[in-house]
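Hello,

Here is the structure I promised to pass on to you. Have a look at it first, and then read on for what turned up in it.

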Amino acid sequence: MRYKDDVYDRLWYTYSALPNSVPINTSSVIDIQNNNDSYQIPSEVLRTAVQPSSAYHSLSYSNLNLTVEIYVCFHFAEIAKLTQGKKREFIINVNGGSYISEPITLDYLKPLSICLNQIFEGQFSFVINATTGSDLPPILNAFELYYVIPQFDLHKPTNSRDVAAIMDIKQTLRISREDWQADPCVPIEYSWSGLTCSSDDTPTIISLNLSSSKLTGEIPISLSNLTALQYL
């Protein structure tokens, strides 16, 4: 799941490898409209969760062979209508105590996101335990991992002259394409549609296809600044 369900175009996958857990879900509407949660997790993501299977009282995850640095967020929403006097309360324990949350309780159908202000490398694990006063086991609706890309994997940005030129072309011709954001050529997997870039250390734009862009008006003079252009 991604855009348009997720306004930030994050990629969400069903994760079924959490040990000793069972899936739960709801068809009820998650209250994401009246919530100040800036993480804006899609309702479809929050309508599903896992909880420990009947013989267990905690949820756990472990990755002991991280090859990248990660930043992590946990996302919750209570999707079970609890009976009067019952409560679900739990604590998150990360990497054997490097982070321990305060006891967490959830409001019915309201999102709660907890993002840890630290980066993990080498290994990452967590356990979500019910407190002694909890009547119900813990749940987890989603967890989110941001990968920190090592410096040696980064490419140099697109030639600044080409960036200025293509930005002016975009604005002058009012070209509206969803992926025409950020650096035009880098990373290569996310280069702008209709562009081909050179494989130089500092990429330049060598091909530009503006077909079906509903162009009107004069040809912008900035087009002549794409000096490496071979195909238009």
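A salt bridge here is a side-chain nitrogen of Lys or Arg within 4 Å of a carboxyl oxygen of Asp or Glu. By that rule K87 and E89 make one, with their closest N and O atoms 3.8 Å apart. K87 is partly exposed, at 35% relative accessible area, while E89 is buried, at 16%. Please keep in mind that this is a predicted model.

**The other salt bridges**

The search of the whole structure gives 10 salt bridges. One of them joins K156 to D201, where the closest N and O atoms are 3.2 Å apart. This pair links distant parts of the chain, 45 residues apart. K156 sits in the loop between strand 10 (142-148) and helix 2 (160-172), and D201 in the loop between strand 11 (195-197) and strand 12 (205-208). How accessible is K156? Its relative accessibility is 46%, so K156 counts as partly exposed. D201 has a relative accessible area of 56% and is therefore exposed.

R161 and D162 also meet through their side chains, with 3.0 Å from N to O.

**The chain as a whole**

Along the sequence they follow the pattern β-α-β-β-β-β-β-β-β-β-β-α-β-β. The radius of gyration of the chain is 24 Å, whereas a compact globule of 232 residues would have one near 17 Å. Along the principal axes, the C-alpha atoms fill a box of roughly 70 × 40 × 25 Å.

Of the 232 residues in the chain, 38% are buried. The accessible surface comes to about 14200 Å², and carbon and sulfur atoms hold 50% of it. As for contacts with a separation of 6 or more, 71% of them are between residues 24 or more positions apart.

**The nonpolar cores**

Which residues have the most contacts inside the largest nonpolar core? They are F74, F76, F124, F126 and L140, in a core of 23 residues. Strand 3 (58-63), strand 4 (69-77), strand 5 (89-94) and strand 9 (124-130) each supply at least two residues of this core. Strand 4 gives the most to this core, with four residues.

Leaving aside residues up to four places away in sequence, F74 touches I92, V94, L112, S113, I114, L116, F124, F126, L140, A142 and F143. Apart from this core lies another, of 16 residues, among them W192, L210, L223 and L226.

**The aromatic rings**

The structure holds 12 aromatic pairs. In one of them, F76 and F90 have ring centres 5.1 Å apart and planes at 45°, so this pair is tilted. F76 is in strand 4 and F90 in strand 5, 14 residues apart, and the pair links distant parts of the chain. Both F76 and F90 are buried.

How do the rings of F126 and F143 meet? Their centres are 5.4 Å apart and their planes lie at 75°, so the pair is edge-to-face. This pair, too, links distant parts of the chain, with F126 in strand 9 and F143 in strand 10, 17 residues apart. F126 is buried at 1% relative accessible area, and F143 is buried at 18%. F126 and F143 also belong to one aromatic cluster, together with Y15, Y61, F74, F120 and F124.

**A buried arginine**

Last, take a look at R47, in the loop between helix 1 (43-46) and strand 2 (48-52). Is R47 buried or exposed? With a relative accessible area of 16%, R47 is buried, because buried means under 20%. Not counting residues up to four places away in sequence, R47 touches I24, N25, T26, S27, S28, V29, I30 and I79.

Best wishes

How values were computed
Residues are numbered from 1 along each chain as its sequence is written. This is a predicted model: local features need pLDDT of at least 70, side-chain atom pairs count only at pLDDT 80 or more; totals for chains, interfaces and linings use all residues. Side-chain values use heavy atoms; hydrogens and water are left out. Buried means under 20% relative accessible area, exposed over 50%, partly exposed in between (1.4 Å probe, protein chains only). A nonpolar core is a set of buried Ala, Val, Leu, Ile, Met, Phe, Trp, Tyr and Cys residues joined through side-chain atoms within 4.5 Å. Contact means heavy atoms within 4.5 Å. The radius of gyration is taken over C-alpha atoms; the globule rule is 2.2 Å times the number of residues to the power 0.38. Accessible areas come from the Shrake-Rupley method with a 1.4 Å probe; for residues, only the protein chains shown count as cover. Rings of Phe, Tyr and Trp (its six-membered ring) pair if their centres lie within 6.5 Å; planes under 30 degrees apart count as stacked, over 60 as edge-to-face and the rest as tilted.
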